[in-house]
Structures are given as C-alpha cells and as structure tokens.
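Below is a short report on one protein model and its ligand. The structure comes next, followed by notes on selected sites.

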Amino acid sequence: MDDIEELRAKHLAAVAAARDAEALEAARIAALGKKGEISLKMRELGRMSPEERKSAGPALNALKDEIDAAVRARRAEIEDAALEERLEAEWIDVTLPARPRPSGTIHPVSQVMDELTAIFADMGFAVAEGPQVETDWHNFDALNIPPEHPARQEHDTFFMARAGDDERPPHVLRTHTSPVQIRAMQQQGAPLRVIAPGRVYRMDMDQTHTPMFHQVEGLAVGRDISMANLKWTLEEFCRAFFEVETVELRFRASHFPFTEPSAEVDIRCSWADGQLRIGEGDDWMEILGSGMVHPRVLRAGGIDPDQWQGFAFGIGIDRLAMLKYGIPDLRAFFESDLRWLRHYGFAALDIPELAGGLSR
Ligand code: PHE
C-alpha cells in the first residue's frame, strides 16, 4: 500500500508540473502508457495471492482513474492557458482611430515641374542643371549681355559680394535659367536638346511677381532647327500641359540679347470674378520668352554658329501652375500656409505621366 501512495504522489506531482501538452503527454505515458509504472504494477497483479490482489487491484484501479482524471483536468488547463495567451497576443482595440493618412502634399510648383519634365522628355529633351549662385559671366556676358548693357538693369539682380575681393565681378543669384544653356552647350556640345527647370531670383514683388520664382529653360541645337520647330514645340507643350485643345497662344515680336529673332508668347485667359481661367476671355498672360539662339551665345557655349543653329525658350513655371490650377495670387505659393497647401497640393504618390494623365 505504501508503494501505491508513493506512486500516487509522484505521478500526480508530474502531471501538475507539466507546463505544456508535450510534457503532460510524457507524464501520462510514464504512468499509464503500456510501459508506464502503473500499467506495469497492474501486470504484477497476476502474480499476487488472491488476498493481496483483492486489496491491491481496486487500489491500483482507483489510482489509474485518479491519474487519468488529473491528466484530463491538466490538459484542459493547458489548453485554456494557450488560448488565453493567443487572445492576449492577437488583441485589437477596434475603437482606436484609424491610422491617419500622410498629411504632406506635393506643392503645385513641384507638381508642374514634374508634369513639364514628363512632356518634354516625351519630345526628347533631357534635364540639365546649373547653380543658383551663378557667375556674372554665365548669367550675363556669355548670353550677349555685356557689362554696360541696359538689360542688366531690367533684371533687378541680387549680387553676392565676395568678402575682401573687389577685383572680380561679384557672383549673382541667377536672374533666369538661361545660363544653363551655356553650361549645357559646354558640357554636351551639339547637337543637343535639354530643358533646365529651377529657381531664379529678381528684386520684384506684386500679385504676379515674387523675388524668387521658377523657370524652365529649353534649348535645342541642330543643323537646321528653325523658328517653325520652336512654334510647334511650344504649342504641342501647351496642349499636353493644359490637357485641352483650345489653348490659344499669341507670338509677339520681342527682343532678348541672347536670341535673334525673339518672340514673347502670351496665352489667352480670363480673370473674371477673381478666377483665372485659360483658353477663354479677353486677357493675355505672358508665359514665356523665346527665339533663335544668337550666334554669339552659341560661340560662348563652344559651338560653331556656322555649323549649328537652334532655338531657346524660358517659361515661367509659377505662371503655368497659376493658369492650370486656377490660383489667382502668386505670392500664396511661397507663404507656406498649410490650409492653402492642403487645398492646392497634390497627393504624395501621384506621379504625373503622359499615359495616366498629368494631373489626377
Ligand atoms: N531668359 C529670358 C527671361 O528670363 C527668357 C528667355 C529664355 C528668352 C530663352 C529667350 C530665350 O525673361
């Protein structure tokens, strides 16, 4: 009988100590499996005297039932604990607010730069770049604007004085993207076809002027590129950019030192009720300057004007954005007013492309 008490204590303890299903099964087998201690003990019953069997038999059977019940109870506990743990781990508070959408937006000027880059890329123009702090030579001299030329005054230039250096002319904040024409010609030679979007600076401020604004320069140099190619390119660009057939352009004879002949281009628009609309109304808004590249400019860029000719244009990007997206005041572009940015901004993942539409 002492044996049985010992077995009972040992196996009930093993069952109670089992932490998971495998440990519990091992404890069960050690007691009740074919070769388990209790099973072996029961097999010994055959060899006992009838007297002994009479007391040991029921005791062993009772022990077997007790351990079996303990295993079941423990199994239920382990399963409950596992479920509890899983529920805890997979718990979601469905009352939490949804994850907020990213609140940043793409600025209309960035959007328009992407749009026009896509359009000109489709016409075979690569993107060229130049510095915003530019040498006097690239910004003026190389573009056929010598030091005493009146055009220098018209540009309302910001000068970058060099401390302790009064000898050389100061650098300037580039007043237009045209110096990139020179850099592109020097770097790539002819033939070439590039656009150069970027920031430019002039001391000027009213509803349609800010001291920093954006232009995109265009330059195409080839053996027989003509004014007709320029006109087609600009009209085609406007049609694609404004996504309408009815854009009306007006080419006006003009003058730039770096092009000959030169033309300024206006676009038909209306300002009715403080709303800016393109393709209708009786107003014209100047959006670009253009012309055939002056032979002196080609030469400054290292290209032989007897062999090559080309057209150039400079478009005001901010004005394009105002016209396309109906934004009446240019100054609002640069005030960083969050409500304005949310209203006029574009979703961060909307990449403009010709096939999918430029301005979804
Ligand atoms: N650079 C001129 C401007 O800023 C625009 C222009 C560029 C004109 C290229 C002709 C050719 O007004």
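With the side chain of which residue does the side chain of Arg 268 make a polar contact? The partner is Glu 248, at 2.8 Å. A polar contact is a pair of N or O atoms within 3.5 Å; within protein, one must be able to donate a hydrogen and the other to accept it, and residues adjacent in sequence count only if both atoms are side-chain atoms.

## Basis

This is a predicted model: local features need pLDDT of at least 70, side-chain atom pairs count only at pLDDT 80 or more, and totals for chains, interfaces and linings use all residues. Residues are numbered from 1 along each chain as its sequence is written, and side-chain values use heavy atoms, with hydrogens and water left out.

## Around Arg 268

Arg 268 belongs to strand 8, residues 259-270. Helices (H or I, at least four residues) and strands (E, at least two) are DSSP runs, numbered from the N terminus. A polar atom of the Arg 268 side chain also lies 2.9 Å from the backbone oxygen of Gly 281.

Leaving out residues up to four places away in sequence, Arg 268 touches a set that includes Arg 277, Ile 278, Asp 283 and Trp 284. Contact here means heavy atoms within 4.5 Å.

## Ligand site

The ligand is surrounded by 14 residues. A residue counts as near if one of its heavy atoms lies within 4 Å. The closest are His 176, Ser 178, Arg 202, Gln 215 and Gly 314. An N or O atom in the side chain of His 176 is 3.0 Å from a ligand nitrogen. On its own, the ligand has 320 Å² of accessible area, and the protein covers 92% of that. Areas come from the Shrake-Rupley method with a 1.4 Å probe.

Which elements give two or more residues to the shell around the ligand? They are strand 6 (212-222), strand 10 (283-293) and strand 11 (309-316). Strand 11 gives the largest share, 3 residues.

## Backbone exceptions

Most residues other than glycine have a negative phi, and most peptide bonds are trans. The bond from Ala 190 to Pro 191 is cis, with omega near -5°. Pro 191 lies in the loop between helix 8 (179-188) and strand 5 (192-201). The bond from Glu 260 to Pro 261 is cis too, with omega near -5°. Pro 261 is in strand 8.

Asn 144 is not a glycine, yet has a positive phi of about 65°. Asn 144 sits in the loop between helix 6 (136-139) and helix 7 (151-154).
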